Amino acid sequence: MNELYVENPLEFWCNNYGVSSADVVFLGVPFDGTSTGRAGSREAPNAIRSASYNLETNSAYTEANLADLKMTDYGNLITVPGDTEMTLKRLEDTVFDIKNKFPVIVGGEHIVTLPVIRSLIREHPTLKVLQFDAHLDLRNEYIGNRYSHVTVMRRIFEILGKKRIIQVGARSFSDDEKDFAKKNTVLKTPENLLKYAIKGPVYITIDMDVFDPSVAPGVSTPAPAGFVPERFFDLIHGLKNKLEVVGFDVVETCPPHDDANMTSLLAAEIIKEMILAFRK
Ligand SMILES: [Mn+2]
């Protein structure tokens with residue numbers, strides 16, 4: 001056996017320790033059942049795994065190496081196409097199983113964040129959520145649906161309560177969402193976020209549409225005038241020693257609309273840098 005010459009591009013590039021002994025667990029959630037823009041984010045977990053093979057595990061920001069961590073790729077949640085409720089319940093139960101690890105949840109569309117919060121709040125009752133997103137996702141319902149990528153942060157607000165969602169990067173929202181956010185969440189620019197102290201456990205959700213479509217075209221709901229990657233990475237590493245992060249997700253990558261795999265590649269790099277910056 002010569003293991004130097006084999007690899008498995010169906011797993012995210014990391015040491016695969018097995019779930020019981022791993023500290024960091026990658027879980028794919030190939031679900032896009034409520035997508036109203038471009039469908040296809042169900043293909044993202046595997047596209048991001050494949051993209052990770054184009055990257056180095058070293059980080060220029062931290063001088064740390066992902067390969068030195070006890071990390072494992074847990075595979076994909078078995079979703080139920082057409083049944084959002086059953087899919088979300090399965091995800092809540094699966095995340096609860098790995099709650100003492102550092103969960104890295106890879107969507108799929110943004111509704112997948114809801115069951116992750118339902119699960120983590122049981123372990124961390126004072127949990128806050130830091131959201132990077134072009135949208136506020138605060139509608140109470142959308143085309144008659146209360147459980148969708150458009151309403152996900154409203155449902156999370158109902159769990160967490162006032163001023164426990166911190167929203168960064170929003171530039172596409174309705175009047176009602178903006179009014180609701182002013183009263184009930186915390187809106188921050190990247191610059192202000194660095195000065196804002198988030199105390200206690202925090203979960204970070206990254207919607208890839210927070211980036212500009214010129215650097216991340218493959219998203220379900222693109223919005224012009226977003227982040228460039230350098231700005232995001234500077235921000236993340238500026239927050240490195242300030243936050244008690246208990247896990248994160250990267251959602252809304254949409255491979256069928258992703259020119260040259262740019263968005264999957266960026267998502268893979270984000271996953272690496274986020275883990276190296278924030279793992280417990
Ligand atoms: Mn979103």
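**Figure 1. Helix 1 and helix 8 are roughly perpendicular to each other, because their axes cross at roughly 75°.** Angles of 65 to 115 degrees count as roughly perpendicular, under 35 as roughly parallel, over 145 as roughly antiparallel, and the rest as oblique. The axes of helix 1 (residues 44-52) and helix 8 come within 8 Å. Axes are lines fitted to C-alpha atoms, for helices over the stretch in contact, and angles run from 0 to 180 degrees between N-to-C directions. Helix 1 contributes Ala47, Ile48, Ala51 and Ser52 to the contact. From helix 8 come Ser264, Leu265, Ala267, Ala268 and Ile271. Contact means heavy atoms within 4.5 Å. By class, seven of these residues are nonpolar, two are polar and none is charged. Ala, Val, Leu, Ile, Met, Phe, Trp, Tyr, Cys and Pro count as nonpolar, Asp, Glu, Lys and Arg as charged, and the others, Gly among them, as polar.

The model in all views is predicted: local features need pLDDT of at least 70, side-chain atom pairs count only at pLDDT 80 or more, and totals for chains, interfaces and linings use all residues. Residues are numbered from 1 along each chain as its sequence is written, and side-chain values use heavy atoms, with hydrogens and water left out. Helices (H or I, at least four residues) and strands (E, at least two) are DSSP runs, numbered from the N terminus.

**Figure 2. The largest nonpolar core holds 49 residues.** A nonpolar core is a set of buried Ala, Val, Leu, Ile, Met, Phe, Trp, Tyr and Cys residues joined through side-chain atoms within 4.5 Å. Buried means under 20% relative accessible area, exposed over 50%, and partly exposed in between (1.4 Å probe, protein chains only). Leu130, Phe132, Ile204, Phe232, Ile270, Ile271 and Phe278 touch the most other members. Helix 8 (residues 262-278) gives the most to this core, with 10 residues. Apart from this core lies another, of 30 residues, among them Phe31, Leu114, Ile156 and Tyr203.

**Figure 3. Ile204 and its contacts.** Neighbours within four places in sequence are left aside. Ile204 is in contact with Leu130, Phe132, Leu243, Val245, Gly247, Phe248, Asp249, Met274 and Phe278.

**Figure 4. Helix 7 (residues 229-238) and its buried residues.** These are Pro229, Phe232, Phe233, Leu235, Ile236 and His237. They pack against strand 4, helix 6 (190-195), strand 7 (201-207) and helix 8.

**Figure 5. Four residues coordinate the manganese ion.** The donors are His110 (ND1), Asp133 (OD), Asp137 (OD) and Asp207 (OD), at 2.1 to 2.2 Å. Donors are N, O and S atoms within 2.8 Å of the metal (3.2 Å for Na, K and Ca); water is not among the atoms, so sites may look incomplete. The sequence spacing is H-x22-D-x3-D-x69-D. His110 and Asp133 link distant parts of the chain, 23 residues apart. His110 sits in the loop between strand 3 (102-107) and helix 3 (113-123). Asp133 sits in the loop between strand 4 (128-132) and helix 4 (152-160). His110 counts as buried because its relative accessibility is 0%. Asp133, at 1%, also counts as buried.

Figure 6. Ala39 counts as partly exposed, at 49% relative accessibility. Asp32 is buried, at 8%. The C-alpha atoms of Asp32 and His257 are separated by 14 Å, and the two residues are 225 apart along the chain.

**Figure 7. Backbone geometry at Gly108, Ile143 and Ala225.** A cis peptide bond joins Gly107 and Gly108, with omega about 15°. Gly108 is found in the loop between strand 3 and helix 3. Ile143 has a positive phi of about 40°, although it is not a glycine. Ile143 lies in the loop between strand 4 and helix 4 and counts as exposed, at 73% relative accessibility. Ala225, also not a glycine, has a positive phi near 70°. Its place is in the loop between strand 7 and helix 7. Ala225 is exposed, with a relative accessible area of 63%.

**Figure 8. Lys280 lies in the segment after helix 8.** Lys280 is exposed, with a relative accessible area of 59%. Leaving aside neighbours within four places in sequence, Lys280 is in contact with Lys99, Asn100, Lys101, Phe102 and Val245.
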